Amino acid sequence: MNPLRQLFGGRGANAGQYGMIIALVAIVVVFEFWTGGLTLNPTNVINVFQQYSYILILALGMVMVIIAGHIDLSVGSVAAFVGIIVAQAMAAWHWSWWAAIVLGLVVGALVGAWQGFWVAFVRVPAFIVTLAGQLIFRGANQLIGNSTSVPVPNAYQFIGSGFIHDFGPNTGYSNGTLLLGLVTVAALIWIEARGRARRRKMKAEVIPLWVSIVRTGILVAITLFGTYLFGAGQAGTSVPVVAIIAGVLTIVYGFLTRNTIFGRQVYAVGGNAHAAALSGVDIRRVNFFVMANMSVLAAVAGMVYVGYAGASGPADGTGWELDAIAAVFVGGAAVSGGVGTVAGSIVGALVMALLANGLQLVGADTNVQMMIRGIVLLLAVAFDVYSKTQGRPSLIGNMLKPFQRQKDEAAAVQQPQSIDDQSKVSLP
Amino acid sequence: MSNPNILEMRSITKEFPGVKALSNVTLTVKTGEIHAICGENGAGKSTLMKVLSGVYPHGTYTGDIVFEDEVMRFGSIKQSEEAGIVIIHQELALIPELSITENLFLGNEIGRRGVIDWTTAQLRARELLDRVGLTDDPDTQIKNLGVGKQQLVEIAKALHKNVKLLILDEPTAALNETDSQHLLGLIVGLKERGVTSIIISHKLNEIEQIADDITIIRDGRTIETLDVHQGVDENRIIRGMVGRSLESRFPDRTPHIGDVFFEVRDWTVQHPLDSSRLVCKNENFTVRRGEIVGFAGLMGAGRTELAMSIFGRSYGTYLSGQIVKDGREIKLATVRQAIDNGLAYVSEDRKQLGLNLLDSVKRSTVAADLQRISRGGVVDALQEYAVAEEYRLKLRTKVPDVEYGVSKLSGGNQQKVVLSKWMFTDPDLLILDEPTRGIDVGAKFEIYRIIQDLAQQGKGVILISSELPELLGLSDRIYTIFEGAITNELPASQADPETLMRSMTSAKKDALI
């Protein structure tokens, strides 16, 4: 595997993702100049995470749904439904904020079980089940909330707009953020070193040291830069709580999809359901949990958003499903299922979020913003599809080829052979 | 015409980035003959035909195509079809939901100004179907026809296009013996009416039977052209294809057969959609340790249905019957239970049922038994790598490394990955359904050796195959199946193709041993 692929999780990582990383960087650079440095201003970065964390959280569930070969159109409505219940629990029934959160998660799980049941056991296509869900839960939201906004107490707003508490001497930066950054850096180095040691112990092939150093170096640099951005904001701000929630969830779901049996089964079901069934995978179980999990994450996204907005309203979550789906596809997932990664989807989510944010900063009209985001989605997927039909890993993939090992290069040039092509090239 | 050759392909070279798929290939086809092209998978046969039919347009290859004395520069399939060259691919290009008539004229509709004249189309369809010997109603939907009949529809479609040179890519690969014979007869019939055919096939006996000339391609080069009428036998062809003579087509083996350890009793299974049809009728059979048990039957006889219904009821609706393993009755209601009880099923359809083509060799190898390399639901990446590497070396799978995608492997190597996957589950009984379908001669030999090794380790092997020589060459004992019932059982030493064929085509039991 080439270093970049190792960087982004191997499996299913395709050139589209490298393309998207470059697109992400390009978007940042373009808007950085266009807005005269506002984009990478710490205050703005913190704001982006607070405002758009829901895309990150939803993309984590959506990528699994899409890998398994389904789609979920109901996430916005489910988020709004859970949001209003949580808000009502605190406002009308005077529940404490933590009890309301637990309630929200339970409701999310119940909604997920409902949708998972129809998809997995009755085998209604997820498109239909969640289209119905979109109507059902939007209606339920407005029924419960009487089509009005319900405010939430300050204590609860912490999860949406709060920051970690600061302590220690005045360094000009947020000490908590610095500490978190350093711990992350240490963890990155430790993980890499441990991986190398284990591979050596198992006598498996160890990647070249320079790859390890570059890879870790890049990640450390990104972490330090992020630490700076989060730490250098206005006094009293630091890493937003939502960013920590999204970060922890990203690590959890990245691990789940890459390293666990369940993760494997999701890819297997999406890649070839028949073959998966004949290998002993319980397809219904996989489908059920993938759909149920999506609704739980939608609940989390909804609750976080209510915390950020300070109230739960009747139009919350409108169009969220499109943001999440776009993020996943921009991140390199395949419409036909079986392909996609958490890392790619996060990159895709950041692309969508920074694009929206940048357009807002330059004062683009909302309608124009929508059009531009639509075009970006279309072009991103078209680019990926075109690259595949051309048999190339994509333009950017080719540009990166000098980084690949010889064998990989051979693999790349052999791609023009389609699967059903009998005239296969003999292997080296 | 003075030139006796309808087609001359001269020094055709076709390169893909970094790989030369064809190098200086020459092919000369005489007018009115049946010309066979033989070669191992990956030799370049299909690429050559794609060059000829315009799939790879003029300019993407070098060399000349001379068809009926004219140098052709096809830019698309449409253009080659207009010249009279029609290719019928292995995967049929018919639309299941449409009728025969609609399929026949798809792209060449009969009518004027975009309005179809259905009456004329119907009459013309009847006429075309008669020519290929198909009696079905032209309004029948394609999905209701068997593969054999679909193949005939394809040929009828070619006839409608005024075909002069018909190219058939593995036409009998999916057909049973009867349908194959009918199809081959039809090709000979077309020849008598002046249609020249090029046939690509792995079934050497069929080629011997109908071809006039055979061109052998190996590693993207023309090796030789043999004249069948001057006496060519299978061994001669194989020698050309693999560049060496295969002394024996089956490896030697001294069977060490133990006691009966697996037994199926009164197995009865219903068709999944049609409850009035039984796909398995009261079937009984046994397998001993270290034994290779062959199952012979024509396509549709219910061999796969039997295998899959035993393998965790993955086909049909179970009605009655017992499975006894090691003297104890076991219930196998799910595939997981079947795997946990030591069964493995290698499907006849590698690409649809055997592999996730998006996966790497590594991930495919461990796919059926992730538990073994996991702790607390977390897959141990290093163990996974070690296992995949172990099987790659053991089965000599030709792949640069185990991270390589299985979709890019040849059929033989894909099959080795499937076998690795099931060997890793450490089964007691392996059910191999057409394990060498679509695999070239060299790789077949290796697969045979793997199968024999498994038996040698004391595992029971059920071998389902449409190739009688394979069954006779590998099995210790053979059951025959006809219409969902076991019709005969005999030791391989006492079996011959004729006896087997008789039991495969009639319910009457020859004296059971």
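The tour begins with conventions, then goes to a helix pair in chain A and on to chain B.

This is a predicted model, in which local features need pLDDT of at least 70 and side-chain atom pairs count only at pLDDT 80 or more, while totals for chains, interfaces and linings use all residues. Residues are numbered from 1 along each chain as its sequence is written, with chains lettered from A and ligands numbered from 1 in the order in which they are written. Helices (H or I, at least four residues) and strands (E, at least two) are DSSP runs, numbered from the N terminus.

**Stop 1: two helices of chain A**

Select residues 261-271 and 283-309 of chain A, which are helices α11 and α13. They pack at an angle of about 105°, and their axes are 10 Å apart. Axes here are lines fitted to C-alpha atoms, for helices over the stretch in contact, and angles run from 0 to 180 degrees between N-to-C directions. α11(A) and α13(A) are therefore roughly perpendicular (65 to 115 degrees; under 35 is roughly parallel, over 145 roughly antiparallel, the rest oblique). Show side chains for A:Q265, A:V266 and A:V269 on α11(A), and for A:I283, A:V286, A:N287 and A:V290 on α13(A), which make the contact (C-beta atoms, placed from the backbone, within 7 Å).

**Stop 2: helix α5 of chain B**

Move to residues 147-160 of chain B, helix α5. Its 14 residues should span 20 Å at 1.5 Å a residue, and the end C-alpha atoms are 20 Å apart, which agrees; the expected span is 1.5 Å times one less than the number of residues. Eleven of the 14 residues are buried, so α5(B) is largely enclosed by the rest of the structure. Buried means that 20 or more other C-beta atoms, placed from the backbone, lie within 10 Å of the residue's own; 12 or fewer means exposed, and in between is partly exposed. Among the buried residues are B:L152, B:V153, B:I155 and B:L159, and also B:K149 and B:E154. To see what covers them, display elements including β6 (85-88), α4 (118-131), β9 (165-169) and α6 (177-192) of chain B.

**Stop 3: the six-stranded sheet**

Follow the open, mixed sheet of chain B in the order β6-β9-β10-β3-β11-β12. Strands pair if DSSP finds at least two bridges between them. β6 and β12 (221-227) stand at the edges with a single partner strand each, so one side of each has no neighbour in the sheet. Neighbouring strands are turned by 20° against each other on average, direction ignored.

Zoom in on β9(B) and β10 (residues 196-200), which run parallel and are joined by five bridges. B:D169 stands opposite B:I200. Then select β11 (residues 213-218) and β12(B), an antiparallel pair with six bridges, in which B:I214 faces B:L226. Two residues lie between the strands of this hairpin, where B:D219 has a positive phi near 50°.

**Stop 4: strand β21 of chain B**

Finally, select residues 429-433 of chain B, strand β21, of which five of five residues are buried. What lies on each face? B:L429, B:I431 and B:D433 are on one side, and B:L430 and B:L432 are on the other. β18 (residues 343-346) pairs with β21(B) in the parallel sense over four bridges, with B:L343 partnered by B:L429. β22 (residues 460-464) runs parallel to β21(B) and is joined to it by five bridges; here B:L432 has B:L463 as its bridge partner.

Definitions and conventions:
Two residues are in contact if their C-beta atoms, placed from the backbone, lie within 7 Å.
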